[in-house]
Amino acid sequence: MQNHDGGHPMRRDHEEKVIAALRDLGPLSRAELARRVGISRTTMSDITSDLLGRSMIITVDGDDATTRPATVGRGRPATRLALNPRAGQLVGIDFGHRRVHLVVVDAAHRLVASEIRRYPSESDWPARVTEALELLGELGRRDDVELAGLHGIGVGFPGPFSPRMPTFDTDDHPETTPSEFVRNRLREQYAVPIMIDNNTRLAGLAEAVWGGAETDHLVYVRLSDGIGGGLVIGGRLVTGAAGFAGELGHVSVRLDGPDCRCGKRGCLETIASVPAILGRCQELGAPVTSLAELRTAVAKADPLVDRVLRDAGEALGRVLGTMAITLNPAEIVVGGELAQLAPQLLAQAQTMINWELQPMAGTELKLRLATLGDEDGALGAVAALLHTSPLLANYPHPTDSAAGTAADDDHQATDRDAS
């Protein structure tokens with residue numbers, strides 16, 4: 001069980017400054033670190049001993065410290081300290097409908113590991129979390145990953161994310177919501193801060209931070225089994241008053257359209273999601289029952305499939321066009337399986353966006369494909385944990401996992417408590 005609560009806030013601040021100095025400057029002696037951080041050598045010795053014990057940093061000398069000049073003078077050169085390249089400081093977990101994706105990032109913010117574990121779509125939350133914990137345990141036993149100094153875990157949670165979600169019972173966790181259950185199970189194994197948020201919203205954050213030029217204004221939409229989105233507006237990752245910001249899949253585009261699982265009719269998800277497109281293809285007589293068959297039909301320019309995809313693109317474009325004229329983003333990013341294999345869907349969406357933007361003379365807004373692939377939700381969870389991007393300037397500051405009440409955990413439906 002990992003157990004690191006960070007202690008006093010000032011001590012945690014000193015630790016972070018030590019790590020930042022080693023990340024930015026390379027190997028340093030304790031005396032050099034004390035001068036850089038501005039603390040006494042005694043305090044520095046205490047902090048670095050703790051970091052060494054948790055495998056966050058290592059000692060280096062000789063050829064291991066080639067990034068710094070050798071010490072000139074008499075006596076043995078002072079031992080230098082460096083970040084442990086194997087140490088996983090942060091873990092990002094993205095729970096999908098059929099898989100969990102884990103990434104491990106070190107103290108230098110470099111990706112150390114990225115792995116996927118699949119499970120049946122009907123798996124309950126105990127089974128999903130068990131798979132995630134087993135995978136994380138396997139990563140921790142690898143020669144190139146060290147989790148002794150783990151600082152926090154970020155979790156991407158699927159679907160609409162709110163404390164109003166229905167509860168369920170388990171032997172150990174009666175009357176718990178799925179997010180509370182995930183948090184409690186992770187805390188049982190890793191006593192570190194836990195942050196939980198909607199995984200599609202986090203994917204949008206990842207695309208804004210790592211997907212290209214960092215932007216203060218971005219709309220992200222993912223086309224998959226369902227449709228969700230994320231909004232970065234005015235330098236803020238928007239969560240909304242009840243945690244539902246970005247639920248683009250349940251915007252109505254056809255009042256006489258198909259019934260939606262949310263209880264309405266004609267939502268975008270009933271027209272442009274993977275199941276909706278496959279179902280519509282079959283209704284029109286195109287034998288397309290999977291994404292692989294859809295890809296083949298697109299390559300053959302099947303006219304029925306083309307019609308379905310353009311209809312879906314028109315619906316998507318209407319929603320995104322409304323978002324564009326309302327929010328005026330710098331870019332719109334489209335992710336998910338469909339985005340990669342259906343260029344006509346995106347082309348039709350672009351046409352509709354351009355039409356919606358006509359009143360805004362001179363405005364040009366291009367769609368772009370998401371660049372991070374299946375890692376986006378987990379990487380977004382790490383980005384939220386790092387809390388360093390200007391895109392998180394107004395993101396609610398989480399608290400330590402050992403503090404706060406259940407009500408605090410669900411503050412504004414974002415269920416986060418990591419720093």
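Biologist: Which residues of helix α8 are buried?

Modeller: In this predicted model, helix α8 covers residues 274-283, and its buried residues are Val 274, Ala 276, Ile 277, Leu 278 and Cys 281.

Biologist: What do the buried residues of α8 pack against?

Modeller: They pack against other helices, namely α7 (269-272), α9 (291-299), α10 (303-327), α11 (337-341) and α12 (343-356). If you then follow the chain beyond α8, you come to Gly 285, whose phi is positive, near 100°.

Biologist: Let us turn to the rings. How many aromatic pairs does a search of the whole structure find?

Modeller: The search of the whole structure finds two. To read such a pair, look at the distance between the ring centres and at the angle between the planes, where over 60 degrees counts as edge-to-face and under 30 degrees as stacked. The rings of Phe 95 and Trp 125 have centres 5.3 Å apart and planes at 75°, so this pair is edge-to-face. Because Phe 95 lies in strand β5 (residues 90-95) and Trp 125 in helix α4 (residues 125-140), the pair ties together parts that are 30 residues apart in sequence.

Biologist: Are Phe 95 and Trp 125 buried or exposed?

Modeller: Phe 95 is buried, with a relative accessible area of 1%, and Trp 125 is buried as well, with a relative accessible area of 13%. The ring of Trp 125 also pairs with that of Phe 157, and since their centres are 4.9 Å apart and their planes at 10°, this pair is stacked. Here Trp 125 in helix α4 is linked to Phe 157 in strand β8 (residues 152-157), a distant part of the chain 32 residues apart. Phe 157 counts as buried, at 1% relative accessibility. Through these ring pairs Phe 95, Trp 125 and Phe 157 form a cluster, and Arg 128 lies over the face of Trp 125, at 4.8 Å from the ring centre.

Biologist: In what order do the five strands of the open sheet stand?

Modeller: The general idea is that strands of a sheet pair through backbone hydrogen bonds, either parallel or antiparallel. In this open sheet the order is β13-β12-β11-β14-β15, with mixed pairing. The edge strands, β13 (236-238) and β15 (367-369), each pair on one side only, and the twist averages 25° from one strand to the next. Strand β14 (residues 331-335) pairs with β15 in the parallel sense over three bridges, and Val 333 has Arg 368 in β15 as its bridge partner.

Biologist: Which helix packs on the sheet?

Modeller: Helix α6 (residues 199-210) does, touching β11 (218-223), β12 (227-233), β13, β14 and β15, and its direction makes about 130° with that of β11.

Conventions:
Residues are numbered from 1 along each chain as its sequence is written. This is a predicted model: local features need pLDDT of at least 70, side-chain atom pairs count only at pLDDT 80 or more; totals for chains, interfaces and linings use all residues. Side-chain values use heavy atoms; hydrogens and water are left out. Buried means under 20% relative accessible area, exposed over 50%, partly exposed in between (1.4 Å probe, protein chains only). Helices (H or I, at least four residues) and strands (E, at least two) are DSSP runs, numbered from the N terminus. Contact means heavy atoms within 4.5 Å. Rings of Phe, Tyr and Trp (its six-membered ring) pair if their centres lie within 6.5 Å; planes under 30 degrees apart count as stacked, over 60 as edge-to-face and the rest as tilted. A charge sits over a ring if NZ of Lys or CZ of Arg is within 6 Å of the ring centre and within 35 degrees of the ring normal. Two strands pair if DSSP finds at least two bridges between them. Axes are lines fitted to C-alpha atoms, for helices over the stretch in contact, and angles run from 0 to 180 degrees between N-to-C directions.
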